Amino acid sequence: MSTATPVQGLAILGSTGSIGGSTLDVVARHPDRFRVVALTAHDKWQRLLEQCLAFRPDYAVLVEPAAAARLREALAGTGIRVLEGSAALLEVAALPEAPLVMAAIVGAAGLGSTLAAVRAGKRVLLANKESLVMAGPLVLDEVARSGALLLPVDSEHNAIFQCLPPTVSGQVAPGVRRVLLTASGGPFLRRSAAQMADVTPDEACAHPRWVMGRKISVDSATLMNKGLELIEAQLLFGLTTGQVEVVVHPESIVHSLVEYVDGSVLAQLGNPDMRVPIAHALAWPSRIESGVESLDLVRRGSLGFEAPDLERFPCLGLALRAAAAGGSAPAVLNAANEVAVDAFLGGRLNFTGIARVIEDVLDRQPVVAVRALDDVLEADREARALARSALRGVTG
Ligand SMILES: NC(=O)c1ccc[n+]([C@@H]2O[C@H](COP(=O)([O-])OP(=O)(O)OC[C@H]3O[C@@H](n4cnc5c(N)ncnc54)[C@H](OP(=O)(O)O)[C@@H]3O)[C@@H](O)[C@H]2O)c1
C-alpha cells in the first residue's frame, strides 16, 4: 500500500505579490505534493503570465478586464482559462479541486475571496490579515459553520500557532496566560518624531529585515502592522486585548512567544523569511523543506527586546483603541489606514500625517455593532469617505 501524500490542489489569491511569490517558491520545491489550480492578481498581467507558463494552472484571474484581455491573448492555446473581475476571485476561491487556498491579496480587497474560501470549507492559509481585522467575528462564525481551517501565515501568528496546543480557530487554549507578539520596529525604530516627518515612501518601504509589498512595509514602519496583528491574534486565538503584549525585537529571529500560567514561555525562532510560515501552513501538520537556510544563532549573536514607544508610533495606540472599542472600530481603523497609506505612497501625505488621518476618522465615526457583512462594508465605506476628507485638512 502506498503511503505517499496525495497531491493537493492550491489556489493562490494574490500570486504576483510578495507572499504569492514566496508561496510559489515553496510549491516549486514540492511538485509531488501540490498542484497549482488557480493564480490571481489585480493587473500585473506580465508577471501572472510568467507564473502561468511556469506552473500551468487551470485558471488565471485578473481583476482588471484590460489586463485580462492581454493575458488571454498571450495564453491562447495553452488551455489555461483566463477570468476577469472581482467575482472571478470568489469563483476560484471556492473551486472544489483546490482544497488549499492561499489568501494573499493585500487589504480590504481580500475580504470577499477570503470569505468565499472559508464558506467553501477550505484550508485557508491566511496572509490577508485585513479581512480578519475588518470582519473577524463574522469570518470565525463562517469557519465554525463550514468546517474550514484557518492556518495563519503572518509569521507572528504562525509562531503562536506553533507554540499552542491544537485548538479550533477563535477558541482559547487551556493554560495560556498571554502572548508576546514580537515587532521588528521597522526602519524608523531609532528616529525621533521630527526625523520621521519627512521620510520618503522608498525609505519607509526599505524594511531592515523583511522584503514585503509596499502597503505592509509602510504599516510596519508606522507599527500599524503590529496593531492589526494584535487584533488578528485576539481573534485567531480567543484572547483579550490585555493578553496580547507587543515586544520590539529588532533582529526578527523570535517570531512570537506564548506564556503559560506555570511560567513556561514557548517561542518559535527562525530566519526572517516568509517561506518558513508558508511552508508550515502548506504542509501542516507535516513539515516540508522551505528553502530557508538554517538559523545560525552563534553568528546572530545576542538578541534584543524592548517596549514599543507609543509616543513616536501613535498608530499602535490607535489600533489598541479600536481593539478595545470593538464592533465596527477595527474595520474603520483598517479603512482609514488604507486611505492614509495610499496617500503617503502617492506623495499626497507625509509619514506622520498617517496617524493624524486615522485618529481624525476614529474620533468622528461612531462605533456600531457588526452583525452582518453589510455592517462591515458600510463602516468601511464611511471611514474611507471620512479619511479622504481628513486628507484635505491634514498636510502632514
Ligand atoms: N509580504 C509579507 O512578508 C507579508 C507578511 C505577513 C503578512 N502579509 C500580508 O499578506 C497580504 C499580501 O501582502 P504582500 O506583501 O504579498 O502584498 P503585495 O506584494 O502588494 O501583493 C498584493 C497582491 O494582491 C493583488 N491585489 C492588489 N490589489 C488587489 C485588488 N484590488 N483585487 C485583487 N487583487 C489585488 C496584487 O496584484 P497585482 O500584482 O496585479 O497588483 C498582488 O498579487 C497582506 O494582507 C499583508 O498584510 C504579508
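Predicted model: local features only at pLDDT ≥ 70, side-chain atom pairs only at ≥ 80, totals over all residues.
Residues are numbered from 1 along each chain as its sequence is written.

**Figure 1. Packing of helix H14 (residues 314-325) with helix H16 (residues 353-364).** The two axes come within 9 Å and cross at roughly 20°; H14 and H16 are therefore roughly parallel to each other. Helices are DSSP runs (H or I, at least four residues) numbered from the N terminus. Axes are lines fitted to C-alpha atoms over the stretch in contact, with angles from 0 to 180 degrees between N-to-C directions; angles under 35 degrees count as roughly parallel. A crossing is left-handed if the near helix is turned anticlockwise from the far one by less than a right angle, and right-handed if clockwise. Pro314, Cys315, Leu318, Arg321 and Ala322 of H14 meet Ile354, Ala355, Ile358, Glu359 and Leu362 of H16, contact being defined by C-beta atoms, placed from the backbone, within 7 Å. This contact has 8 nonpolar, no polar and 2 charged residues (nonpolar: Ala, Val, Leu, Ile, Met, Phe, Trp, Tyr, Cys and Pro; charged: Asp, Glu, Lys and Arg; polar: the others, Gly among them).

**Figure 2. Packing of helix H5 (residues 111-119) with helix H6 (residues 129-146).** Here the axes come within 9 Å and cross at roughly 15°, and the crossing is right-handed. On the H5 side, the contact involves Leu111, Thr114, Leu115, Val118 and Arg119; on the H6 side, Ser131, Met134, Ala135, Val139, Glu142, Val143 and Ser146. By class, these residues divide into 7 nonpolar, 3 polar and 2 charged.

**Figure 3. The shell around the ligand.** Among the 27 residues of the shell, Gly14, Gly17, Ala109, Met212 and Gly213 come nearest (near: C-beta atom, placed from the backbone, within 6 Å). The shell comprises 12 nonpolar, 9 polar and 6 charged residues. H1 (18-28), H6 and H10 (214-222) each supply at least two residues, and H1 gives the largest share, 3 residues.

**Figure 4. Domain 1 (8-153) and domain 3 (326-396).** The domain bounds come from an automatic or database domain assignment. The centres of domain 1 and domain 3, taken over C-alpha atoms, are separated by 27 Å. Their contact takes 8 residues from domain 1 and 9 residues from domain 3.

Key:
Contact = placed C-beta atoms within 7 Å. Parallel < 35°, antiparallel > 145°, perpendicular 65-115°, else oblique.
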